Amino acid sequence: MIEDSTTKEQIYIAIDPDHFPEKGFDLASQIANAHEKNVCFLHIAMGKNVRENVESTLSSWCTQHQDKLKGNATYHIMDDADDFTDFMERNEAAAIIFELTQEGIYRNCKSALKICRELRIPYYFIKSDQTPNFKRVLVPVGNLVEEREKGVFCSGMGRTYHSEILLMTANDYGSRAKQNTEAIQALMDKQSLPYQFITAKKDSFKIEMEAMNKVEELNANLLLISASRDYGMDDIIFGPKEQKIINRCTVPVMVINPRKDLYALCT
């Protein structure tokens, strides 16, 4: 497959040309085949020179793995001068996946989180020893009103993958987290989709970390979290909470960015 940077709504895989992202491709192919999308191997230079043989490597990957897709396998080498967020929005990307490995470009999620900061699409992190699966999705729900946006993704996974959604409401003194969960529940009920409630001990500040620690106990296959709304000084120095969760989590993590601008009239 030749390079194709014009196809809209692709599932992108951020790649290291020295390592084929086997688990990342497995996850991308599941999403792409379910939604009838193409998969695009995306090389992001991030200030590094692009080797001459990168294009041949990516073209070879497309040819070798085309038979696993209902759509097409494409690739793109991002120009170093191109803004990542602008590129993703211009091409109407549906999602992007990062496979974290022991060595290479994506040894940890820090750089990926930084470039995804302004994205309004889901971004996934999967490690080379993890298996992509949407059977049971653990969804911690906090007190911010934009947590309700998780309901859109919960219902989508319920319809598309027949996922069982595990709703874990923060144990707060106030009622906002409960109201957010009820909003997600109402959306699921409207479509007769399966879910169950998980009791939490932690409040909204620690609910996602508690969920991360419970994925194995609950037999969850995927953890859905929100990125930090704003970065404080501790986040800048030590890394945001999503970085800690992704690095420690034993299952793939799906991250969505909060859209507080959508809820300005609700607060």
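The structure is a predicted model, in which local features need pLDDT of at least 70 and side-chain atom pairs count only at pLDDT 80 or more, while totals for chains, interfaces and linings use all residues. Residues are numbered from 1 along each chain as its sequence is written, and side-chain values use heavy atoms, with hydrogens and water left out.

**Overall fold**

- The secondary structure of the protein chain comprises nine helices and 10 strands; helices (H or I, at least four residues) and strands (E, at least two) are DSSP runs, numbered from the N terminus.
- The protein chain has 267 residues, of which 52% count as buried; buried means under 20% relative accessible area, exposed means over 50%, and partly exposed lies in between (1.4 Å probe, protein chains only).
- Among the contacts (heavy atoms within 4.5 Å) in the protein chain with a separation of 6 or more, 80% join residues 24 or more positions apart.

**Helix α7**

- Helix α7 spans residues 207–214 and is largely enclosed by the rest of the structure, because six of its eight residues are buried.
- These buried residues are Ile207, Glu208, Glu210, Ala211, Met212 and Lys214.
- The buried residues of α7 pack against the strands β6 (136–141), β7 (164–169) and β9 (222–226), and also against the helices α5 (150–161) and α9 (241–248).

**Nonpolar cores**

- A nonpolar core is a set of buried Ala, Val, Leu, Ile, Met, Phe, Trp, Tyr and Cys residues joined through side-chain atoms within 4.5 Å.
- The largest nonpolar core has 45 residues, and those that touch the most other members are Phe84, Met88, Ile96, Phe98, Tyr123, Phe125 and Leu223.
- With neighbours within four places in sequence left aside, Ile96 is in contact with residues including Tyr12, Leu42, Phe84, Met88, Cys116 and Tyr123.
- A second, separate core has 38 residues, including Ala32, Ala73, Ala95 and Met254.

**Aromatic pairs**

- A pair of aromatic rings is described by the distance of the centres and the angle of the planes.
- Rings of Phe, Tyr and Trp (its six-membered ring) pair if their centres lie within 6.5 Å, with planes under 30 degrees apart counted as stacked, over 60 as edge-to-face and the rest as tilted.
- By this rule there are 11 aromatic pairs.
- Phe25 and Phe41 are stacked, because their ring centres are 5.8 Å apart and their planes lie at 15°.
- This pair links distant parts of the chain, with Phe25 in helix α1 and Phe41 in strand β2 (residues 39–44), 16 residues apart.
- Phe25 is buried at 1% relative accessibility, and Phe41 is buried with a relative accessible area of 0%.
- Tyr195 and Phe197 form an edge-to-face pair, at 5.6 Å centre to centre and 75° between the planes; Phe197 is partly exposed, at 46% relative accessibility.
- One aromatic cluster consists of Phe20, Phe25, Phe41 and Trp61.

**Pockets and cavities**

- On a 1 Å grid over the protein atoms alone, a cavity is a set of points where a 1.4 Å probe fits but cannot get out, and a pocket is an open set with protein on both sides within 12 Å along at least five of seven lines; lining residues have an atom within 4 Å of a point.
- Grid points are joined across faces, edges and corners, and a volume is the space filled by probe spheres set on the points.
- The largest pocket holds about 440 Å³ of space.
- Its lining has 19 residues, and Leu144, Ser204, Phe205, Glu208 and Lys241 lie nearest its centre.
- The elements giving two or more residues to the lining of the largest pocket are α7 and α9.
- The lining of the largest pocket has seven nonpolar, five polar and seven charged residues; Ala, Val, Leu, Ile, Met, Phe, Trp, Tyr, Cys and Pro count as nonpolar, Asp, Glu, Lys and Arg as charged, and the others, Gly among them, as polar.
- The second largest pocket holds about 290 Å³, and the closest to its centre of its 15 lining residues are Ile31, His35, Pro122, Tyr124 and Phe153.
- Helix α5 gives the most to the lining of the second largest pocket, with six residues.
- The lining of the second largest pocket has 11 nonpolar, three polar and one charged residues.
- The whole structure contains two cavities of 30 Å³ or more, and the largest cavity has a volume of about 60 Å³.
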